[in-house]
Amino acid sequence: MSGTDQENMSDQVWDDLKTRAQALIQKLEEGDSSNIHTAIEDLNAARDRNIYVEVGKLTRGLHEAIVNFDIDPSSSVEDGEEDGEQTSQMTNAQDRLDYVINLTQTSADKTMDMVEEGIPIAGEIHDRAQALKVDWGRLQRREMAPEEFRDLYRRMDEFLEFSGNSSSLLSEKLNTILLAQDFQDLTGQVIKKVISLVQEVEESLVELMRVAGQVEELTGMVRNTDEPKSPTKVASIEAEGPQVKTDSPDVVTGQDDVDDLLSSLGF
Amino acid sequence: MDKDMKILIVDDFSTMRRIIKNLLRDLGFTNTAEADDGSTALPMLQNGNFDFLVTDWNMPGMTGIDLLKAVRADDRLKNMPILMVTAEAKREQIVEAAQAGVNGYVVKPFTAAVLKEKIEKIFERIG
């Protein structure tokens with residue numbers, strides 16, 4: 001709905017109302033009592049019709065914005081959705097956001113599985129290398145008996161085999177970790193779509209506010225001039241989740257800031 | 001510091017519990033248990049001989065700040081050291097937690113080094 005359309009619309013409304021009002025005045029002046037009632041109703045109906053048209057347009061616009069919301073970045077996602085199905089996608093958006101949570105959870109789990117499996121392997125390589133290093137040093141200093149040397153020889157052989165196998169196992173795990181980060185791309189796309197839906201809804205709401213203002217004007221409703229009271233400060237402190245705007249003065253910038261604040265409180 | 005002390009980790013996200021559990025294990029603490037919010041944590045604390053509590057703030061059900069207050073109000077638990085590990089980063093929130101009797105406060109995202117430092121500091125202070 002462009003501004004010009006709206007102005008034309010508004011002029012048309014005013015002309016319509018003026019014509020009918022003049023007709024009413026004429027009837028009143030002529031003392032045409034039988035037709036005064038009809039003229040009043042006519043005027044009323046014209047006013048109502050325009051309100052309905054405006055509200056109807058808005059409702060359609062809002063509905064379109066919601067229906068057009070489709071955040072499926074790849075149609076391959078298993079959601080059994082029929083093509084061309086024109087249901088509201090709002091519920092779907094909630095599912096998609098759940099999908100983001102699931103995807104990030106799966107990825108985090110997979111990554112941590114790999115880390116948990118990898119740490120003991122790295123630990124064992126370290127421990128065995130450390131032990132060999134000690135004996136290797138004794139060999140270099142010629143402090144080793146031939147019997148011990150044979151043992152070291154065997155252990156060295158085993159260690160080389162073991163470290164070869166372990167490092168391929170570790171690379172495999174590191175690659176799995178790398179691949180587990182693919183969620184970023186997928187969730188990013190879904191979240192971007194949600195952001196644009198929110199923007200569309202916001203624009204529609206602004207438009208709704210604007211039309212609501214005109215409806216008030218058309219109907220002559222008295223605007224409530226009382227400013228909405230700012231919500232009274234809640235006594236208890238609520239959890240807010242991560243602070244997105246970290247440059248705000250009432251938000252700490254990091255752990256150092258937390259430590260400073262706590263030490264100022266005697267911690 | 002007793003490496004065998006029993007630690008309860010409270011966070012609604014299993015990922016975060018797992019990260020904290022792994023970091024604690026890396027620091028030598030292996031005796032840990034988990035709860036996903038204050039209302040499941042509190043009975044565990046009351047029955048479980050825990051030595052240390054690590055809790056998030058923002059959780060469904062009972063929040064971490066309410067858990068902190070409940071622990072401080074419980075005669076048998078009131079001396080338990082509590083570390084808050086949370087994304088809540090407003091000054092008034094940190095002040096609130098301090099006034100409620102928290103022993104340490106770590107903001108997410110955090111590093112292993114910060115967690116270690118705060119835990120050491122808590123046990124240094126309480127001896």
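Please keep in mind that the model is predicted.

Let's begin at strand β1 of chain B, residues 7-10. Ile7(B) and Ile9(B) sit on one side of this strand, Leu8(B) and Val10(B) on the other, and all four are buried, so that both faces of β1(B) are covered. The strand also has two pairing partners to look at. Strand β2 of chain B, residues 32-35, runs parallel to β1(B) and is joined to it by 4 bridges; here Val10(B) stands opposite Ala35(B). Strand β3 of chain B, residues 52-55, is likewise parallel to β1(B), again with 4 bridges, and in β3(B) you will find Val54(B) as the bridge partner of Ile9(B).

How does the chain get from β1(B) to β2(B)? Helix α1 of chain B, residues 14-26, belongs with these two strands in a right-handed β-α-β unit.

Next, turn to helix α2 of chain B, residues 38-47, whose buried residues are Gly38(B), Ala41(B), Leu42(B) and Leu45(B). These residues are on the same side of α2(B) because they cover an arc of only 105° around the axis. That buried set packs against β1, β2 and β3 of chain B, and also against α3 (64-73) of chain B. On the face turned away from the buried side, α2(B) carries the exposed residues Pro43(B) and Asn47(B). After the helix comes Asn49(B), which has a positive phi, near 50°.

In soluble globular proteins, nonpolar side chains tend to be buried together.

Finally, consider the contact between the chains as a whole: 21 residues of chain B are in contact with 19 residues of chain A. On the chain B side, the elements that give two or more residues are α1, α4 (91-100) and β5 (104-107). The largest share, 7 residues, comes from α4(B). By type, the chain B residues of this side divide into 11 nonpolar, 4 polar and 6 charged.

Terms used. Residues numbered from 1 in each chain as written. Chains lettered and ligands numbered in written order. Predicted model: local features only at pLDDT ≥ 70, side-chain atom pairs only at ≥ 80, totals over all residues. Buried ≥ 20, exposed ≤ 12 C-beta atoms within 10 Å, placed from the backbone. Pairing = 2+ DSSP bridges. Right-handed = clockwise from strand over helix to strand, strands pointing away. Contact = placed C-beta atoms within 7 Å. Nonpolar A, V, L, I, M, F, W, Y, C, P; charged D, E, K, R; others polar. Arc of directions from axis to C-beta.
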